[in-house]
Amino acid sequence: MHQHDEFLREAIAESKKSVDAGGFPVGCVIVEDGKIVARGVSNGKQLVDPTSHAETDAIRALCKSRRTRFLKNCTLYSSCEPCLMCLASSVWARIPRIVFACERKNIPSNYFESNLSIESFLETVKHPLQVEFVSKIEAKALEVINEFEGQVV
């Protein structure tokens with residue numbers, strides 16, 4: 001199994017925890033030196049906080065625990081393609097790499113506030129950020145999203 005697969009499966013497990021707790025179907029883990037150093041779920045609904053996405057949740061927790069705003073040696077793994085806010089948060093935290101399991105085109109359009117693509121966003125950033133989609137894990141991420149969609153009334 002490719003190392004990305006393991007960490008993406010962990011991010012998907014976090015997305016399932018988020019749904020089970022009444023949150024949005026996105027999960028995240030941050031990895032450094034081959035180890036998970038932070039986890040995040042999308043709990044903005046419970047917190048009544050539109051900025052509490054899985055990626056920002058994990059970034060905040062790790063920065064707080066380390067007492068720094070820079071995560072230069074980390075990789076962020078998300079169950080879904082990050083939104084623009086989460087991409088920007090990663091840039092501000094100096095995270096050099098994001099890997100995700102489910103592409104935006106396979107998710108209901110109401111999950112994203114903008115049609116701006118990752119590529120067009122990356123053209124504007126000052127710090128290098130590598131973003132990678134791992135398609136072979138996508139079906140697992142979509143299972144959680146489809147379960148969530150079935151619960152939405």
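Buried here means under 20% relative accessible area, exposed means over 50%, and partly exposed is anything in between, with a 1.4 Å probe and protein chains only. Helices (H or I, at least four residues) and strands (E, at least two) are DSSP runs, numbered from the N terminus. What you're looking at is a predicted model, where local features need pLDDT of at least 70 and side-chain atom pairs count only at pLDDT 80 or more, while totals for chains, interfaces and linings use all residues. Residues are numbered from 1 along each chain as its sequence is written, and side-chain values use heavy atoms, leaving out hydrogens and water.

Let's start with helix 6, residues 138-151. Its 14 residues reach 20 Å from first C-alpha to last, close to the 20 Å expected at 1.5 Å a residue (the expected span is 1.5 Å times one less than the number of residues). Which residues of helix 6 are buried? They are E138, A141, L142, V144, I145 and F148. The background is simple: an α-helix has 3.6 residues a turn, so residues three or four places apart point the same way. On the face turned away from the buried side, helix 6 carries the exposed residues A139, N146 and G150. As for partners, the buried residues of helix 6 pack against helix 1 (3-20), strand 1 (24-32) and strand 5 (130-133), with contact meaning heavy atoms within 4.5 Å.

F148 also takes part in ring packing. The structure holds three aromatic pairs, meaning rings of Phe, Tyr and Trp (its six-membered ring) with centres within 6.5 Å; planes under 30 degrees apart count as stacked, over 60 as edge-to-face and the rest as tilted. The rings of F24 and F148 have centres 5.7 Å apart and planes at 70°, so that pair is edge-to-face. F24 sits in strand 1 and F148 in helix 6, so the pair ties together parts that are 124 residues apart in sequence. F148 is buried at 14% relative accessibility, whereas F24 is partly exposed at 29%.

Now for the core. The largest nonpolar core has 44 residues, and those with the most contacts inside it are I30, I59 and L71. Such a core is a set of buried Ala, Val, Leu, Ile, Met, Phe, Trp, Tyr and Cys residues joined through side-chain atoms within 4.5 Å. Among the elements that each supply at least two residues of this core are helix 1, strand 1, helix 3 (54-66) and helix 6. Leaving aside residues up to four places away in sequence, I59 touches I30, L71, L76, S89, S90, A93 and I95.

Over in strand 3 (residues 74-78) you'll find T75, buried at 15% relative accessible area. Beyond four places in sequence, T75 touches V29, I30, V31, R97 and V99. R97 belongs to strand 4 and is partly exposed at 26%.

Finally, two loop residues have backbone angles to check. D33, in the loop between strand 1 and strand 2 (35-42), has a phi near 50°, positive in a residue other than glycine. R67, in the loop between helix 3 and strand 3, has a positive phi of about 55° and is not a glycine either. D33 is exposed at 71% relative accessible area, and R67 is exposed at 79%.
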